[in-house]
Amino acid sequence: MKSNPFRLFAEYYYKWSVVPKAPAFHSHPQYEVYYFHEGRCDYLLGDRVIPLQSGDLIIMNGMTRHCPKVERESEYVRTMFSFEPHLVQLFGPDLLACDPLKPFERLRNHHIRLDPKAKEECEDILARINRFYYSNDVVHRNRLLSAFYDLLMLIYEQCRPEMKAARQPASDRQRYVQSMIDYIEETYMENIELERMAADLHMNRFHLMKVFREVTGMTVFDYLYKRRVNQAKILFYQSDRHSVTDVGYQVGFKHLSHFSRVFKKQVGMTPDQYRKMVRESTRWA
């Protein structure tokens, strides 16, 4: 797959047709959008089995175990991307007035069978996302954000009737992990200690660590550092006046060297290199 230094989504592919070797249940803390273009597939989502047809769209909160079940000889074409919920900060307050994440938070996991008109609109938006996704041009990046917001609003519109109903119950494990993620979201810029987190959440520290890793596939600190780095990228997007040192402190790193090391490990370049790249793309817009 192509690389994208801005890495807007945690994982992304468009009209991917490779058939997985075997069903592999997985979960993650990111939200996910899955669109089925064509082929044959039963999608396993928690305790549900969803026979898919062209034009089916699934939104997921990520922490419910899920995977496709596809016959090896079958065609299987889909588009999928997962994203961190805080990515919507890039839209600004006016666009956030209509909460674009409400379907993910209210319905948690939801299967949508699009009618022909909505199917055509959805595929057009997905094509626009893919058109701009790998570009480093700031205008294209803004058009990508516009297309992403458009897709979230299409999902919102499709989910309106269901969002009036009661939200789906989460399992105990999902509630535990969601409470940890909410805790990190509120305090990621501070010095987080597992003992303090466990005490604040009234959980056993070892149980907390075990459940978080089993549900998300990463450790608590892996998730924390990922959240901090993603916030740093957002700050670099939003203003070129932020220094690397200031951003590191704002997102919770005590030492610039630690911030630089973690950032480079996740992004493939140092914070200063990333900041310069964002500046250059804006300068020539």
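**Strand pairing, packing and selected residues**

In strand 4, Val 49 is the bridge partner of Leu 44. This pair belongs to a predicted model. Strand 3, which spans residues 42-45, runs antiparallel to strand 4, and the two are joined by four bridges. Both strands are part of an open sheet of three strands, arranged in the order 4-3-6 with antiparallel pairing. Strand 4 (48-51) and strand 6 (66-69) each have a single partner strand and stand at the edges, so one side of each is left without a neighbour in the sheet. Direction ignored, neighbouring strands of this sheet are turned against each other by 20 degrees on average. Strands of a sheet pair through backbone hydrogen bonds, in either a parallel or an antiparallel manner.

Another open sheet is formed by five strands in the order 1-7-2-5-8, and its pairing is antiparallel. Its edges are strand 1 (11-16) and strand 8 (109-113), each of which pairs on one side only. From one strand to the next, the twist averages 15 degrees. Five bridges connect strand 5 (residues 56-60) with strand 8 in the antiparallel sense. Within these two strands, Ile 58 stands opposite His 111 of strand 8. Two helices pack on this sheet. Helix 3 (residues 116-133) touches strand 1, strand 2 (31-39) and strand 7, and the direction of helix 3 makes about 120 degrees with that of strand 1. Helix 4 (residues 138-163) touches strand 2, strand 5, strand 7 and strand 8, with its direction at about 90 degrees to that of strand 8.

Thr 79 is located in strand 7, which covers residues 76-83. This threonine counts as buried because its relative accessibility is 3%, below the limit of 20% used for that class. The side chain of Thr 79 makes a polar contact of 2.7 Å with the side chain of His 37. When residues up to four places away in sequence are not counted, Thr 79 touches Tyr 13, Tyr 14, Lys 15, Val 33, Tyr 34, Tyr 35, His 37 and Leu 126. One of these residues, Lys 15, has its place in strand 1. The phi angle of Lys 15 is near 50 degrees, a positive value in a residue other than glycine. Lys 15 is partly exposed, at 46% relative accessibility. Arg 108 also is not a glycine and has a positive phi, of about 65 degrees. Arg 108 lies in the loop between helix 2 (102-107) and strand 8 and is buried, with a relative accessible area of 13%.

In soluble globular proteins, nonpolar side chains tend to be buried together. In the present model, the largest nonpolar core has 56 residues, and those with the most contacts inside it are Phe 9, Phe 81, Phe 83 and Leu 151. Helix 4 gives the most to this core, contributing twelve residues. Leu 151 touches Val 33, Phe 81, Cys 122, Ile 125, Leu 126 and Ile 129, leaving out residues up to four places away in sequence. Apart from this core lies another, of 20 residues, which include Tyr 188, Leu 194, Met 203 and Val 215.

Phe 91 is found in the loop between strand 7 and helix 1 (93-96). With a relative accessibility of 10%, Phe 91 counts as buried. Phe 91 and Phe 81 are ten residues apart along the chain, and their C-alpha atoms are separated by 18 Å. Aside from neighbours within four places in sequence, Phe 91 is in contact with Leu 96, Pro 100, Leu 145, Phe 148, Tyr 149 and Leu 152.

A search of the whole structure finds zero disulfides. Cys 67 is in no disulfide, and the nearest cysteine sulfur, that of Cys 41, is 8.6 Å away. Cys 67 is buried, with a relative accessible area of 0%. The sulfur of Cys 98 lies 12 Å from the closest cysteine sulfur, in Cys 159, and this distance is too far for a bond. Cys 98 is partly exposed, as its relative accessible area is 29%.

Definitions and conventions. Residues are numbered from 1 along each chain as its sequence is written. This is a predicted model: local features need pLDDT of at least 70, side-chain atom pairs count only at pLDDT 80 or more; totals for chains, interfaces and linings use all residues. Side-chain values use heavy atoms; hydrogens and water are left out. Buried means under 20% relative accessible area, exposed over 50%, partly exposed in between (1.4 Å probe, protein chains only). A polar contact is a pair of N or O atoms within 3.5 Å; within protein, one must be able to donate a hydrogen and the other to accept it, and residues adjacent in sequence count only if both atoms are side-chain atoms. Contact means heavy atoms within 4.5 Å. Two strands pair if DSSP finds at least two bridges between them. Axes are lines fitted to C-alpha atoms, for helices over the stretch in contact, and angles run from 0 to 180 degrees between N-to-C directions. A nonpolar core is a set of buried Ala, Val, Leu, Ile, Met, Phe, Trp, Tyr and Cys residues joined through side-chain atoms within 4.5 Å. A disulfide is a pair of cysteine sulfur atoms within 2.5 Å.
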